[in-house]
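Subject: Structure for your review

Hello,

Here is the structure I promised to hand over. My notes on it follow below; please read them with the coordinates open.

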Amino acid sequence: MDLKVYNYLTREMEIFEPQVPGRVGMYVCGPTVYDHSHLGHVKTYVAMDVVVRYLKHLGYNVRHVRNITDVGHLLASGEDRIMKGARRYQLEPMEVVETYMASFFADMDALKVLRPHISPRASGHVPEIIQWVQGLIERGYAYEVAGNVYFAVEKFEEYGKLSRRKLEDLEAGARVQVREEKHHPADFALWKRADADHLMRWPSPWGEGYPGWHIECSVMSTKYLGQPVDIHGGGLENIFPHNECEIAQAEAYRDVTFANYWLLVGSLTVDGVKMSKSLGNFLTIKDALQLYTPEALRYFVLSSHYRGPVDFSQEALDAAQRGVERMHNTVRKLRHRIKNAPPAGTALLSDVSGLRDYRNAFEVAMSDDFNTPQALGTLFEFVKEVNRFLSENAYASVGTMVTMERIFTDLAGDVLGILPMSFVEPVESEELVAGLMNLVLTLRQEYRESQDWTQSDYVRSCLTELGITVNDDAGGSTWQLGR
RNA sequence: GGCGACGUGGCCAAGUGGUAAGGCAAGGCUCUGCAAAAGCCUUAUUCGUCGGUUCAAAUCCGACCGUCGCCUCCA
């Protein structure tokens, strides 16, 4: 079955064909680490994670690179994001980066987003960046003005091809305050002069400065994945100017396509409007994980198509939490039945022959531009089928049930990541054990008082087997671990 | 102003020419000592509105209404 993907570059569905059969290079624009990550990141990176997971499921050897932006990304005010964080928290800029990069990775791990193979940082690639900027100047695509180097968009004829923008339109709607030194208002910085109070600075042919925001992705994508890269992914809101600039830089630097397939993820909104700090309507991943399980958050994201927007609301998340629990109940029941069934029993052909259809339907959905909502639909039909089977067959064969369990593990688990490996909940054991022991000894005390020594001794010997010693004294029973 | 996306049952959401998946919620029934879980059934003659094309349209075309995104930092 062919995998079809919607390529933002052509705005068409295309059959996915990597350059080297069986191998896929994928670059995803990562976060700027100047604060804790929020739900918007969940949408983008969970969606991209499922793309990676499904490619692996199809047997591709995937090399996944996702950058960490730790320098050069400015706020609207012109202030550097990292610098702002550093000032706020009285830290070195790189301490800010370290803190929030660790926070980001912790959040992604919690959400079961597979780690990329390489997480390159912009600050670690300044020599390469300088080399590229020089190359662009030499080739006539860039010019220097007082320590700043700009990319001349007019020189790159295809500028705007990804976001379908025309230079004239950009100029006309110029809400961009035109910097006098730019040749064209849409020219963007490749290298910026560091002012006296700018802490992050590197020597360069144009004086001390730091890289512009867009250049790092072109450089690092090409460095680790070659040019062209098979897939370039990220959030749709970055299509302009960021992705557009990446293309311009890379394709002007060497006359080779930058990326073959552009997979862009729709934005997350909150109650209909985009989540943003200025609106104060954002929720950090850490906060969200206090309220919902990782599986529920993933299910929520995957219940709408990755290219479309998704609207966060408490009702939607509650529904996701309950929905994913319904699936978990079935898998839990299945695993419990497998564990407690007699070991004999191969799968009955009549029971499992129809199960292939669910796998196929799932793959048909996923191979159609990663249609996770439809894939989930088939999984829930499967949930119903398994529930029916289990309630109708008190003595189902282990083989049949294992076959069913494998479908959940492969599809809901490995591909979508919405199934926990184990349902054993981490518990505050000390308090719980004390409570349970109190309960057990209270019940046992009733046997003792009615002189039912058989039951009473049975309970005590069971506890002994579990490594718990019970001492019966005049004043009642006490217990201790060990003997 | 320019570019773009979207509008499907109470809520969320698939479905791009052949007669409306799935999840949540609600109601009824079954199972059940009770509870939970689960199963069965019910809930859109209809897909923003109005026209058009077609044997056939949620799906194509046009107009209009509405919502949102990008164009400035964002995942």
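Four strands make up an open sheet, ordered 4-3-9-10, and their pairing is parallel. Strand 4 (61-66) and strand 10 (259-265) are the edge strands, and each of them pairs on one side only. On average, neighbouring strands of this sheet are turned by 20° against each other, with direction ignored. Please keep in mind throughout that this is a predicted model.

Strand 3 (residues 23-28) is joined to strand 4 by 6 bridges in the parallel sense. Within that pair, M26 is placed opposite H64 of strand 4. Helix 6 (residues 215-225) packs on the sheet and touches strand 3, strand 4 and strand 9 (229-235). The direction of helix 6 makes about 160° with that of strand 3.

Over at strand 10, the pairing with strand 9 is again in the parallel sense and runs over 6 bridges. I231 has Y261 in strand 10 as its bridge partner. Although strand 10 is an edge strand, it is mostly covered, with 6 of its 7 residues buried.

Strand 7 (residues 188-193) pairs with strand 8 in the antiparallel sense over 3 bridges. The bridge partner of W191 in strand 8 is P211.

**Salt bridges**

How many salt bridges does the structure hold? There are 21. In one of them, K286 is paired with D107, and the closest N and O atoms are 2.7 Å apart. K286 belongs to helix 8 (residues 285-291) and D107 to helix 3, so this pair ties together parts that are 179 residues apart in sequence.

E208 counts as partly exposed at 40% relative accessibility, and R201 is partly exposed with a relative accessible area of 29%.

The side chains of D472 and R448 form another salt bridge, at 3.8 Å from N to O. This pair links distant parts of the chain: D472 is in strand 14 (residues 468-473) and R448 is in helix 15, 24 residues apart. D472 is partly exposed, with a relative accessible area of 26%. D472 and R448 are also members of a network of salt bridges that links R444, R448, D457, R460 and D472.

Together with L432, L439 and L443, L436 makes a nonpolar surface patch of about 360 Å².

R115 is located in the loop between helix 3 (93-110) and helix 4 (126-138). Its relative accessibility is 48%, and R115 therefore counts as partly exposed. Leaving aside neighbours within four places in sequence, R115 is in contact with F105 and D109. R115 and H64 are 51 residues apart in sequence, and their C-alpha atoms are 8.4 Å apart in space.

**The chain as a whole**

Chain A has 16 helices and 15 strands. Along the principal axes, its C-alpha atoms fill a box of roughly 95 × 55 × 40 Å. Of the 483 residues in chain A, 52% are buried. Among contacts in chain A between residues at least 6 apart in sequence, 76% join residues at least 24 apart. The accessible surface of chain A is about 23200 Å², and 51% of it belongs to carbon and sulfur atoms.

Regards

Terms used: Residues are numbered from 1 along each chain as its sequence is written. Chains are lettered from A and ligands numbered from 1 in the order in which they are written. This is a predicted model: local features need pLDDT of at least 70, side-chain atom pairs count only at pLDDT 80 or more; totals for chains, interfaces and linings use all residues. Side-chain values use heavy atoms; hydrogens and water are left out. Patches are made of residues with over 30% relative accessible area and no salt bridge: like charges are joined within 9 Å, nonpolar side chains (Val, Leu, Ile, Met, Phe, Trp, Tyr) within 5 Å. Accessible areas come from the Shrake-Rupley method with a 1.4 Å probe; for residues, only the protein chains shown count as cover. A salt bridge is a side-chain nitrogen of Lys or Arg within 4 Å of a carboxyl oxygen of Asp or Glu. Two strands pair if DSSP finds at least two bridges between them. Helices (H or I, at least four residues) and strands (E, at least two) are DSSP runs, numbered from the N terminus. Axes are lines fitted to C-alpha atoms, for helices over the stretch in contact, and angles run from 0 to 180 degrees between N-to-C directions. Contact means heavy atoms within 4.5 Å. Buried means under 20% relative accessible area, exposed over 50%, partly exposed in between (1.4 Å probe, protein chains only).
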